[in-house]
Amino acid sequence: MHFRGWSVVSWKSLRDPTGKPYFKFKEDAVKLATHVCINAYIQGEEPGPKILPNSEYPDWLFKLDLRAPRELEDLDPEKDGWMYWRALRKRQIEQNQRIQKLKTKFLHLQNSPSMKKK
């Protein structure tokens, strides 16, 4: 079965020959609170790396800006630098794509008598 060019896999096919699912969901609350569970397909009983106290991680990790990307109007070219210029370029590309889509959509009207200048 295909959906918009992508192959869709049914949940029934994600089982081994005995009928058990391939996914191994962690249900142990202590393990989830003390370890980073990063790989569902890992072989063996190793739960993953332990979560360390905050003092063990570098300071810059806690200073990362994890907010959603800001709108162009909220950015300042002097303060935000490359983020402003990237957002501006993205908006220009989107605008050009909209214009091209409109040109092709109304191409048949460009040569019509009602569109001619008098």
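**Burial and surface.** I looked up burial: 7% of the 118 residues in the chain are buried. Buried here means under 20% relative accessible area, exposed over 50%, and partly exposed in between, with a 1.4 Å probe and protein chains only. The model is predicted, so local features need pLDDT of at least 70 and side-chain atom pairs count only at pLDDT 80 or more, while totals for chains, interfaces and linings use all residues. Residues are numbered from 1 along each chain as its sequence is written, and side-chain values use heavy atoms, with hydrogens and water left out. I then took the area: the chain exposes about 11800 Å². Carbon and sulfur atoms supply 58% of that area. The method is Shrake-Rupley with a 1.4 Å probe; for residues, only the protein chains shown count as cover.

**Fold.** I listed three helices and two strands. Along the sequence the pattern reads β-β-α-α-α. These are DSSP runs numbered from the N terminus: helices are H or I with at least four residues, strands are E with at least two. Next I checked contacts, meaning heavy atoms within 4.5 Å. Of the contacts with a separation of 6 or more, 0% join residues 24 or more positions apart.

**Leucine 75.** I found leucine 75 in the loop between helix H1 (29–34) and H2. Its relative accessibility is 10%, so leucine 75 counts as buried. Neighbours within four places aside, leucine 75 is in contact with Arg70, Asp80, Met83, Tyr84 and Ala87. I also took a C-alpha to C-alpha distance: leucine 75 and leucine 88 are 9.7 Å apart in space and 13 residues apart in sequence.

**Aspartate 80.** Aspartate 80 sits in helix H2 (residues 77–80). I read 12% relative accessibility for aspartate 80, which therefore counts as buried. With neighbours within four places left out, its contacts are Arg70, Asp74 and Leu75.

**Aromatic pair.** I counted one aromatic pair. Tyrosine 84 and tryptophan 85 form it, edge-to-face, at 4.8 Å centre to centre and 80° between the planes. The rule pairs rings of Phe, Tyr and Trp (its six-membered ring) with centres within 6.5 Å; planes under 30 degrees apart are stacked, over 60 edge-to-face, the rest tilted. Tyrosine 84 is buried at 17% relative accessibility, whereas tryptophan 85 is partly exposed at 48%.

**Largest pocket.** I noted about 450 Å³ of space in the largest pocket. A pocket is an open set of points on a 1 Å grid where a 1.4 Å probe fits, with protein on both sides within 12 Å along at least five of seven lines; lining residues have an atom within 4 Å of a point. The lining has 15 residues, with Pro69, Arg70, Leu75, Met83 and Ala87 nearest the centre.

Terms used
Grid points are joined across faces, edges and corners, and a volume is the space filled by probe spheres set on the points.
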